[in-house]
Amino acid sequence: MATKSSGSGRKAGGGLARPVQPSADLAAITGSSPLPRSEVVSKVWDHIRKNNLQNPQNKREIVADDKLKKVFGGKDRVSMFEMNKHLSNHLK
């Protein structure tokens, strides 16, 4: 019976797991401490759900409130796919 390899030997901490610093506009939603990118996206979705900002007719569309407008470059509505592009502009 073959045994499973234990992975490629790479260490976690890059890509999505690496902490990033949110901009001041994004920090209004996520908090100002560095977070992994996945956690930033999760906190933005929590804000969207809590404030009922998804378009009921098209769940892929996000209707921006005042906080999200600053992050979305002043746009009133963005698709959930476009959202990640806007978020990356606010992460260092």
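In this predicted model, Ile62 is in contact with Trp45, Ile48, Leu53, Leu68, Phe72, Asp76, Arg77, Val78, Met80 and Met83, leaving aside its neighbours within four places in sequence. Ile62 also belongs to the largest nonpolar core, which has 18 residues. Within that core, Leu26, Val44, Ile48, Ile62, Leu68, Phe72 and Met83 touch the most other members. At least two core residues come from each of α1, α2, α3 and α4, and α2 gives the largest share, four residues. In soluble globular proteins, nonpolar side chains tend to be buried together.

| Helix | Residues | Core residues supplied |
|---|---|---|
| α1 | 24-30 | at least two |
| α2 | 37-50 | at least two |
| α3 | 66-71 | at least two |
| α4 | 80-88 | at least two |

The length of α2 agrees with expectation, because its 14 residues at 1.5 Å a residue should span 20 Å and its end C-alpha atoms are 20 Å apart.

Which residues of α2 are buried? They are Val40, Val44, Trp45, His47 and Ile48. These residues cover an arc of only 155° around the axis, so they lie on the same side of α2. The cover over the buried residues of α2 includes β1 (19-20), α1, β2 (35-36), β3 (61-63), α3 and α4. On the face turned away from the buried side, α2 carries the exposed residues Arg49 and Lys50. Just after α2, Asn52 takes a positive phi of about 55°.

Notes:
Residues numbered from 1 in each chain as written. Predicted model: local features only at pLDDT ≥ 70, side-chain atom pairs only at ≥ 80, totals over all residues. Heavy atoms only, no water. Core = buried A, V, L, I, M, F, W, Y, C linked by side-chain atoms within 4.5 Å. Buried < 20%, exposed > 50% of the residue type's maximum accessible area, 1.4 Å probe, protein only. Contact = heavy atoms within 4.5 Å. Expected span 1.5 Å × (residues − 1). Arc of directions from axis to C-beta.
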